[in-house]
Amino acid sequence: MMVSYINKYCVVAKERVVVDAEEQFTSKDDSFSAFVKEAFKQRNSSYPKFFKMDSLSKLGMLAAEYTLAEESTDDLALVLVNKFGSLDTDVKHQESIQDGDHFFPSPATFVYTLANICAGEISIRHQLQTENIFFVADQFPVKVVSAYADYLLASGKAKRVLCGWIDFFQEKYEAVLYIVSPEGEKQHTEENIASLFRTLED
Amino acid sequence: MAELKEELKGKIIEVLNLEDIAVADINDSDPLFGEGLGLDSIDALELIVLMDKEYGIKLSDPKQGKTIFQSIESMAAYIAENRTK
C-alpha cells in the first residue's frame with residue numbers, strides 16, 4: 001500500500017489566506033472581487049490574465065499561488081473538487097442571453113462555463129503538463145481524492161499531486177488546497193485531510 | 001473623433017478588465033494586439049460584441065477585424081463611419 005504525505009496546505013475563506021496554519025493575508029473588505037485582487041497582488045504576482053478570469057478561476061489561482069510558492073511543480077498533477085461547478089458563471093452567461101432584444105453573450109464569460117477551466121488556468125500559470133481532473137460533488141470525497149492521488153503517485157504518472165476543494169457561488173467561497181507527496185512528515189490519511197477542512201470552520 | 005477615441009479606450013478597459021491600465025496609457029496608434037495592449041483571441045471576440053452592443057455595428061466578415069482592430073485610431077474611424085446608434 002502506498003504511503004504518502006501532505007507537504008503543505010492553503011485555506012482561503014472568510015477574507016483570509018492561511019498557509020500551513022499561518023495567516024498570510026487578511027482583508028477587511030468583504031467583497032470577493034476586492035479581496036481576491038488584493039490577496040493576489042500581495043504575492044507580487046504579475047499576471048494580467050488573472051483579472052480577466054471568472055471568480056472560480058480567480059479563487060483557484062489565488063489558492064494555488066500561495067500553495068505553490070517556492071514549491072517544485074515538476075510532474076505535479078491536479079485533483080480538484082467543488083460543489084457548485086461553474087454555476088456562478090453559468091448564471092451570468094444565462095442572464096446575458098435571457099432577453100432576445102438584448103442578446104449579447106460575452107465570449108469572455110462563456111469560456112468559463114466549465115469548472116475544469118479553473119484547473120486549466122492553474123496548469124497554464126504553473127506550466128503543468130500533467131494529469132488533471134475536476135470532480136463535482138456535494139462534499140469533498142476524501143476517499144476518492146486520496147485514492148486517486150495515491151494512484152497517480154504509485155503509477156508514476158505524477159511526482160506530487162495538488163489536491164483540494166475550490167468552490168464559489170454568488171460571493172460565497174471556500175478553497176482548501178494541499179500537496180500530496182511520497183515524502184514528508186504529515187501522513188496523507190483521511191483524518192489528516194479532514195483536519196484541513198475543519199480549518200474552514202475557524 | 002477625439003471624444004469617441006477616449007470613450008472607446010474607457011469601454012475597452014472596462015469590458016476587457018485591463019488591470020492597471022488607464023485611458024491615458026493607451027496611445028491612439030498603439031497596436032491593440034501583440035506588443036501593444038497584448039490582447040488575445042477572446043478579447044477580439046469581446047470587441048466584436050462591444051461594436052454591436054454599443055454602436056450597433058455587426059461585423060460579419062472576420063477578415064475585417066484585422067484592419068478595424070489594429071488600433072484605437074482605426075476602430076474609432078470605422079465606428080464613426082458605420083455606427084447605427
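Select A:Glu70. With 5 C-beta neighbours inside 10 Å, this residue counts as exposed, because the cut-off for exposed is 12 or fewer. The model you are viewing is predicted.

Stay on A:Glu70 and look at the backbone around it. The residue sits in the loop that runs between helix 2 (55-67) and strand 4 (76-82) of chain A. Now check its phi angle. For A:Glu70 phi is near 60°, a positive value in a residue other than glycine. Most residues other than glycine have a negative phi.

Next, select A:Gln127. Here you are in another loop of chain A, between helix 5 (116-125) and strand 5 (132-136). What is phi here? The value for A:Gln127 is near 50°, positive in a residue other than glycine.

Is A:Gln127 buried or exposed? A:Gln127 is exposed, since 10 other C-beta atoms lie within 10 Å.

A:Asp75 and A:Gln127 are 52 residues apart along the chain, and 9.8 Å separates their C-alpha atoms.

Now switch to chain B. Colour by secondary structure and count: four helices, zero strands. Read along the sequence, the pattern is α-α-α-α.

Zoom out to take in chain B as a whole. Its C-alpha trace spans about 30 × 25 × 20 Å along the principal axes. The radius of gyration of chain B is 12 Å, which agrees with the value near 12 Å for a compact globule of 85 residues.

Finish with the inside of chain B. Of its 85 residues, 26% count as buried. Take the contacts between residues at least 6 apart in sequence: 59% of them join residues at least 24 apart.

Key: Residues are numbered from 1 along each chain as its sequence is written. Chains are lettered from A and ligands numbered from 1 in the order in which they are written. This is a predicted model: local features need pLDDT of at least 70, side-chain atom pairs count only at pLDDT 80 or more; totals for chains, interfaces and linings use all residues. Helices (H or I, at least four residues) and strands (E, at least two) are DSSP runs, numbered from the N terminus. A residue is buried if 20 or more other C-beta atoms lie within 10 Å of its own, exposed if 12 or fewer, and partly exposed in between; C-beta atoms are placed from the backbone. The radius of gyration is taken over C-alpha atoms; the globule rule is 2.2 Å times the number of residues to the power 0.38. Two residues are in contact if their C-beta atoms, placed from the backbone, lie within 7 Å.
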